[in-house]
Amino acid sequence: MDTKELLKKVRKIEIKTRRLSDHIFGGEYHSTFKGRGMTFSEVRQYQFGDDVRNIDWNVTARYNEPYVKVFEEERELTMMLMADVSGSKFFGTKNQFKDEIVTEIAATLAFSATQNNDKIGLILFSDEIELYIPPKKGRSHVLRIIRELLEFQPKSKKTNVAEAFKFLSNVMKKKAIVFVLSDFIADDYKQNLKIAAGRHDITGIRVYDKHEETIPNIGMVQMEDEETGELLLVNTASKIVRSNYGKFYKEKVDYFKDSFTKSGAGSIDCRVDESYVKKLLGYFKRRG
């Protein structure tokens with residue numbers, strides 16, 4: 001992708017996702033993820049309906065009329081976006097589309113955080129940490145994150161979700177809001193997720209294609225294992241082959257749901273042909 005095309009794509013995603021975060025997600029995000037507490041801001045004259053517990057008695061005595069303390073929410077939150085950039089797309093038919101959906105979801109969340117003056121960081125992972133961008137504020141920083149999501153070329157095609165959670169626990173010592181975007185065709189990450197979820201507010205967003213759920217019956221097909229690069233001859237006409245794949249896929253999905261539920265983390269299933277806007281809004285509303 002040349003620079004001109006990349007900038008055009010970044011701009012297109014910014015316009016779409018910024019509109020979503022401005023009109024829909026900014027407020028929902030704010031009310032879902034509360035700040036660290038309230039901090040004193042100023043005093044003003046008492047108005048009908050004010051909480052009498054907030055009356056500042058010293059100022060009231062000085063001016064001989066009631067004054068109340070005004071508090072503001074102390075936010076200064078940090079959002080970490082973790083995106084799986086491995087080759088584990090399996091039998092999905094719309095890999096490019098899937099990557100774009102991941103980028104759009106990440107951009108929408110990042111602009112929602114920016115609107116609330118929060119910092120945003122990025123971790124791209126395969127079976128190793130491919131890229132780490134420390135949390136910062138601002139639009140230009142979010143645009144850099146979108147650029148990386150669109151054009152980053154990973155060194156490895158394998159996946160290790162456990163390694164990603166381990167890195168998160170090591171690099172983020174203070175509590176962060178964490179969104180993990182992956183198809184979660186992986187296992188053995190339950191323990192590392194549990195440790196990370198003990199400190200951070202984690203949500204797993206499973207982005208998948210309906211064509212990954214089953215193998216169609218189309219006879220003998222040469223397939224490439226995207227993680228190892230190995231070419232395999234697969235007889236899709238075989239009921240056993242299709243059944244075994246269905247079981248394999250279901251096991252991975254069940255492991256994802258079970259792991260996130262038991263560790264106290266949130267989870268969202270987002271199919272590429274469904275509205276991620278509805279999925280995210282529904283999730284925020286349930287949590288808010």
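Me: In this predicted model, how far apart are the closest N and O atoms of the salt bridge between Lys98 and Glu212?
Reply: Side chains of opposite charge can pair when their charged atoms come close. A salt bridge needs a side-chain nitrogen of Lys or Arg within 4 Å of a carboxyl oxygen of Asp or Glu. Lys98 and Glu212 form such a bridge, and their closest N and O atoms are apart by 2.4 Å.

Me: How many residues apart in sequence are the parts that Lys98 and Glu212 tie together?
Reply: Lys98 belongs to helix α3 (residues 95-115), whereas Glu212 belongs to the loop between β7 (201-208) and β8 (220-224). The pair therefore ties together parts whose separation in sequence, in residues, is 114.

Me: Is Glu212 buried or exposed?
Reply: A residue counts as buried when its relative accessible area is under 20%, and as exposed when it is over 50%. Glu212 has a relative accessible area of 1%, so it is buried.

Me: Which kind of aromatic pair do Tyr63 and Tyr67 form?
Reply: The structure holds 13 aromatic pairs. In the pair of Tyr63 and Tyr67, the ring centres are 5.4 Å apart and the planes are at 40 degrees. Planes under 30 degrees apart count as stacked and those over 60 as edge-to-face, so the pair of Tyr63 and Tyr67 is tilted.

Technical notes: Residues are numbered from 1 along each chain as its sequence is written. This is a predicted model: local features need pLDDT of at least 70, side-chain atom pairs count only at pLDDT 80 or more; totals for chains, interfaces and linings use all residues. Side-chain values use heavy atoms; hydrogens and water are left out. Rings of Phe, Tyr and Trp (its six-membered ring) pair if their centres lie within 6.5 Å; planes under 30 degrees apart count as stacked, over 60 as edge-to-face and the rest as tilted. Helices (H or I, at least four residues) and strands (E, at least two) are DSSP runs, numbered from the N terminus. Buried means under 20% relative accessible area, exposed over 50%, partly exposed in between (1.4 Å probe, protein chains only).
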